[in-house]
Amino acid sequence: MFPIFRLIKDLLEARRMAPLDLTETHVSNHICWPWDLDIWLELNNGRAMTLYDLGRTMQAQRVGLISALRQNRWGMTVAGSSVRFRQRIRGFERFEMRSRAVAWDDKFIYLEQSMWKKNGSCASHVMLRTALTDKDGIVSPTRVLAAMGRADQQPFEMPDWIDAWRAADAQRPWPPMQDTLA
């Protein structure tokens with residue numbers, strides 16, 4: 001179940017925070033509740049991705065994207081991701097999430113997020129290829145920036161590690177697993 005009450009709380013909290021520039025990092029604090037746990041009593045990987053959704057939503061609120069979404073009736077979607085889980089987050093453990101936009105191309109906005117334990121170690125990191133959509137499909141980042149009043153914003157240089165992921169992902173067959181149908 002999607003944590004709607006957490007989303008509402010987080011959005012209200014983000015409204016009270018200072019606005020961020022496009023690539024500034026949004027930092028939020030969380031607790032791993034019993035309903036976030038898997039059978040090994042640690043943060044479920046699916047729930048971690050849902051919590052990352054919350055962090056992205058708060059970050060979008062703080063950079064002014066949510067207003068543009070509402071005004072234009074756009075939606076947000078994830079078009080690809082790469083995640084690393086390195087340390088367990090246990091029940092009732094507090095952790096910090098960091099969310100930021102890194103770069104964009106002609107179709108997608110690339111974000112990175114991470115969860116940090118109170119001892120300073122990184123528990124997980126995700127890179128996301130995201131898109132904004134309307135009834136006709138993907139809305140270009142250029143159009144999104146214009147709607148946010150930032151039409152003159154130039155794209156940031158794409159980091160090599162994201163560029164390498166994009167190149168590798170472009171080689172994946174789509175639709176997948178067609179050889180198994182023969």
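In the predicted model, Arg166 is partly exposed, with a relative accessibility of 24%. Its salt-bridge partner is Asp105, and the closest N and O atoms of the pair are 3.3 Å apart. Because Asp105 lies in the loop between S3 and S4 whereas Arg166 belongs to helix H5 (residues 160-170), this contact ties together parts that are 61 residues apart in sequence. Asp105 has a relative accessible area of 19% and is therefore classed as buried, the limit being under 20%. A further set of salt bridges with shared partners joins Arg6, Asp36 and Arg47 into one network, and the count of salt bridges comes to 16.

In one of them the side chain of Lys9 meets that of Asp10 at 2.8 Å, N to O, and Asp10 is buried, with a relative accessible area of 3%. In the other, the side chains of Lys9 and Glu13 meet at 3.9 Å, N to O, a distance that falls within the 4 Å cut-off for a salt bridge. Lys9 and Glu13 both lie in helix H1, where they are four residues apart, about one turn of the helix. Glu13 counts as partly exposed, at 28% relative accessibility.

Helix H1, which spans residues 4-16, also contains Leu12. Together with Phe2, Ile4, Phe5 and Ile8, Leu12 forms a nonpolar patch on the surface, and the accessible area of these residues together is about 510 Å².

The largest pocket has a volume of about 370 Å³. Its lining comprises 21 residues, of which Leu65, Met76, Ile109, Leu111 and Thr130 are the closest to the centre of the pocket. Two or more lining residues come from each of helix H2 (45-63), strand S2 (75-85), strand S3 (94-104), strand S4 (109-117), strand S5 (122-134) and helix H4 (141-147). Among these elements, H2 gives the most to the lining, with six residues. By residue class, the lining of the largest pocket divides into 15 nonpolar, four polar and two charged residues.

Methods. Residues numbered from 1 in each chain as written. Predicted model: local features only at pLDDT ≥ 70, side-chain atom pairs only at ≥ 80, totals over all residues. Heavy atoms only, no water. Patch = residues over 30% accessible without salt bridge, like charges linked within 9 Å, V, L, I, M, F, W, Y side chains within 5 Å. Areas by Shrake-Rupley, 256 points an atom, 1.4 Å probe, with all protein chains shown as cover. 1 Å grid on protein atoms, 1.4 Å probe; cavity = no way out; pocket = protein on both sides within 12 Å on 5 of 7 lines; lining within 4 Å. Points joined across faces, edges and corners; volume = space filled by probe spheres on them. Nonpolar A, V, L, I, M, F, W, Y, C, P; charged D, E, K, R; others polar. Buried < 20%, exposed > 50% of the residue type's maximum accessible area, 1.4 Å probe, protein only.
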